[in-house]
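I opened a new model today and went through it from the overall fold down to one residue. My notes are below.

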Amino acid sequence: MGIEEIKSAIKGLSAEDRRKVAVYILELERDHVKDTIGPQIAEDLEAFSRIVQESVEKIKKAVNKR
């Protein structure tokens, strides 16, 4: 089934069924983003957290030396 056939089939649905299809598509997109982008964001936040912690430790050492 091609995209044009899918579009035509959706066009023939009732408003309620079109909304259900729209919700289904949004859920698919949400899952895709969660699976592809989510892990990268978590990894980036973890790396950022380490950098901040290291910086705080350097500041503490500098303050303690004075």
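These entries run from fold to surface to a single side chain.

**Fold.** I noted at the outset that this is a predicted model. I looked up the secondary structure and found three helices and zero strands. Along the sequence the pattern reads α-α-α. I then checked the radius of gyration: it is 24 Å, while the globule rule gives 11 Å for 66 residues, so the protein is more spread out than a compact globule.

**Box.** I fitted the C-alpha atoms along the principal axes. They fill roughly 75 × 25 × 10 Å.

**Burial.** How many of the 66 residues count as buried? I got 0%.

**Charge.** I counted 13 positive and 13 negative side chains. I then compared where the two sets are centred. Their centres lie 10 Å apart.

**Nonpolar patch.** Which residues form a nonpolar patch on the surface? I found Val 33, Ile 37, Ile 41 and Leu 45. Together these four have about 350 Å² of accessible area.

**Ile 41.** Ile 41 sits in helix α3, which covers residues 38–65. Is Ile 41 buried, exposed or partly exposed? Its relative accessibility is 46%. Buried needs under 20% and exposed needs over 50%. Ile 41 therefore counts as partly exposed.

Terms used:
Residues numbered from 1 in each chain as written. Predicted model: local features only at pLDDT ≥ 70, side-chain atom pairs only at ≥ 80, totals over all residues. Heavy atoms only, no water. Helix = DSSP H or I, 4+ residues; strand = E, 2+ residues; numbered from the N terminus. Rg over C-alpha atoms; globule rule 2.2 N^0.38 Å. Buried < 20%, exposed > 50% of the residue type's maximum accessible area, 1.4 Å probe, protein only. Lys, Arg positive; Asp, Glu negative; His and termini not counted. Charge placed at Lys NZ, Arg CZ, Asp CG, Glu CD. Patch = residues over 30% accessible without salt bridge, like charges linked within 9 Å, V, L, I, M, F, W, Y side chains within 5 Å. Areas by Shrake-Rupley, 256 points an atom, 1.4 Å probe, with all protein chains shown as cover. Salt bridge = Lys/Arg side-chain N within 4 Å of Asp/Glu carboxyl O.
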